[in-house]
Amino acid sequence: MKRVVEGSEAVAEAVRLARVNVISAYPITPQTHIVEFLSEYCANGTMDARFLRVESEHSALAALIGTATTGVRSFTATSGQGLALMHELLHWTSGARLPIVMAEVNRALAPGWNIWVDQTDSLAQRDTGWIQLYCEDSQEVLDTIIQAYRLGELVDLPVMVVLDAFFLSHTYEPVDIPDQKLVDDYLPPWEPKFQLDTEKPCAFGPLVTPAFYMEMRHAIAGAMEDALEVFPQVEDEFERIFNRRYGEVEAVSCDDAEIILVSSGTAASTSRLVVKDLRAAGEKVGLLKIKLLRPFPVDIVRRVLASAKKVAVIDRNFSFGASGIFAQEIRAALCNTMKHPPVFNYIAGIGGRDLTADVIEDIYRRAKASDFPERESEWVGLQEV
Amino acid sequence: MEQNIHENEYIYPGHVACSGCGAAIAMRFLLKALGEKTIIVLPACCWSIIAGPYPQSSLKVPVIHCAFEAGGAVASGVRAALDIKGDTETTVVTWAGDGGTFDIGFQALSGAVERNEEFIYACYDNEAYMNTGIQRSSSTPYGAWTTTTPGIEWKKLRKKNIVEALVAHRIPYAATANIAFPDDLVRKAKKAKEIKGSKFLHIYSSCPTGWRIPSEMSIKIARMAVQTNIFPLYEVEDGIKYTINYKSKEYPVREYFKLQGRFKHLSDEDLEQIQEMVNEDWERLLKKAGENP
């Protein structure tokens, strides 16, 4: 059924449809509407689930480590500072191989206080062993959360579904909300391989000496590789039932493109329009939208970008002392190919600054005008101070 | 003496505690009281090691090790999941040291107790960060040497009164217990199991390594802590009803301090001052229990 819903409600609907057993969360703008919707669902019986109203984000994820180790499907949502506070437990979740799903609403980090969109919060967590999926619109958010449980439970890894503050979390769009029965067909109940059980007492997460630790980490690395393999199957199954698929990445007009723009989140949506308009004006431009950041689909990225003359990565995030983080990923993916295009990096839309079609067109013109990047990254739209 | 202690053992021989470890004794009695339908939530502490390295476990009940500050939250999650699965029989116990309770874990503990989660939070208190090598905690008593309060910098602050902090939450049940009084410990653990909501057990657990005492003195010193009123045995129901479980012999604190290397630098004046503090605390407790000194 199609309804016009807020992005936050799309998240909550997906959580309901996934038959999550426990939600544990702490309020933070702009994630709050998600937890408000879910609190309501739990209170009025729309969902048969427990809502744990914990006293911090750290405890929100800690509690889910408890629920998931006891074998029930678990969900949390957070944003910016909240995600930063969870950092220790992000590592713990993947190390414990718990397929917890989190909606993470990209929010800038303080100081100064800024509640608007910026991807640095989630990208700073890319090494924590969570699968990361960046969404472009509310339909994709809803679909991806349902898929995230399928994917995570197949490979025993946690999944972070990432969406832009306000542009997605607080924006109303028409969203197809699937029937419960169809979702049940797609997503079977989770059957954990191990769980806390007094009949079969085990120790979870004990001391591990150098004799075993390395193999355990290697197993997580292997699970990430599995996730890359399983992802298309998860999408195949989804497409068969719901007739929608998104891909690890999406290449738009890339086949004959001389310059390929790379973006993610709602910026990918705006980039689509710019590419369409520039194409109409005869420019040979394409767009590579990155959805799956961890595991990074290196082969696909290489294949799409190989024939371009230039790549221009738009980053709504920054790693101080280096460059935009998507640009790092793209450069790393390309460097071991014999011949690859130069990678330009443009930093834009930081801390909720508008990332308009004009800004993206300006980025395209800059890349076109230059033979080779003069700097690792270039900040676009800075005011004079 | 009346025996209410079950003969079953839930700790395997071969655990890796130091000899004379009060924390190992405390766990032994706790599990004898609670039985096999128990899940232990274990934030970082000495017991993270005592429980044994992968692929072994020294406990016959399930254990979930967790982050240092997360004991209250992880237990909340385990309880919620058991409820969803319809398991109301299993007791969830967070088993934490004083660092994980008084300091880094206090927020999650306070949150869980404010929510009145159905679980027992048991703190085995050895009065410093023993697992990392005897660093002071907010449970370290006035006068103690630790590796972070060395020489003339011995701790000149009082031990945090954790039971009073929990009582301020109106916790349904809070009690002190001591490894030298196993009957009392077992009775309190069993009582905690029967009471609904959050329960807190504060268990005095001597540490021969950190306190600089011979391992065979572990129980004797624990007993003296009660006999001197340094660690009174009492329980508080619903944050209101105080009951003192041991009528003090009011032995002078000097005897307790003189036996421990961690206090050897204290002068007679220091010990007098400590005696006054202990007397004051004891009188306050008597008043709360409605017993005039």
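A residue is buried if 20 or more other C-beta atoms lie within 10 Å of its own, exposed if 12 or fewer, and partly exposed in between, with C-beta atoms placed from the backbone. Strands (E, at least two residues) and helices (H or I, at least four) are DSSP runs, numbered from the N terminus.

The model is predicted: local features need pLDDT of at least 70, side-chain atom pairs count only at pLDDT 80 or more, and totals for chains, interfaces and linings use all residues. Residues are numbered from 1 along each chain as its sequence is written, and chains are lettered from A and ligands numbered from 1 in the order in which they are written.

Two strands pair with β12(A); pairing requires at least two DSSP bridges between strands. Strand β10 (residues 249-252) of chain A runs antiparallel to β12(A), over 4 bridges. Here Glu250(A) stands opposite Lys289(A). Strand β11 (residues 259-263) of chain A is parallel to β12(A), over 5 bridges. Ile260(A) has Gly286(A) as its bridge partner.

Chain A is divided into domain 1 (2-242) and domain 2 (249-379). These bounds come from an automatic or database domain assignment. The domain centres, taken over C-alpha atoms, are 27 Å apart. The contact takes 26 residues from domain 1 and 20 residues from domain 2. Residues are in contact if their C-beta atoms, placed from the backbone, lie within 7 Å. On the domain 1 side, α5 (120-123), β6 (131-134) and α8 (210-242) of chain A each give two or more residues. Helix α8(A) gives the most, with 5 residues. By class, this side has 15 nonpolar, 5 polar and 6 charged residues. Ala, Val, Leu, Ile, Met, Phe, Trp, Tyr, Cys and Pro count as nonpolar, Asp, Glu, Lys and Arg as charged, and the others, Gly among them, as polar.

The contact between the chains takes 37 residues from chain A and 35 residues from chain B. On the chain A side, β2 (22-25), β3 (50-53), α3 (57-69), α4 (80-95) and β9 (203-204) each supply at least two residues. The largest share, 9 residues, comes from α3(A). This side divides into 19 nonpolar, 13 polar and 5 charged residues. Strand pairing also links the chains: β9(A) and β2 (residues 63-66) of chain B are parallel over 2 bridges. Ala203(A) has Val63(B) as its bridge partner.

The largest nonpolar core has 222 residues. Such a core is a set of buried Ala, Val, Leu, Ile, Met, Phe, Trp, Tyr and Cys residues joined through C-beta atoms within 7 Å. Ile145(A), Val161(A), Ala312(A) and Val41(B) have the most contacts inside this core. Helix α1(B) provides the largest share, 10 residues. Both domains of chain A contribute at least three residues each. Among the residues that Val41(B) touches are Ile64(B), Cys66(B), Val74(B) and Trp95(B).

Definitions and conventions
Two residues are in contact if their C-beta atoms, placed from the backbone, lie within 7 Å. Lists of a residue's contacts leave out its neighbours within four places in sequence.
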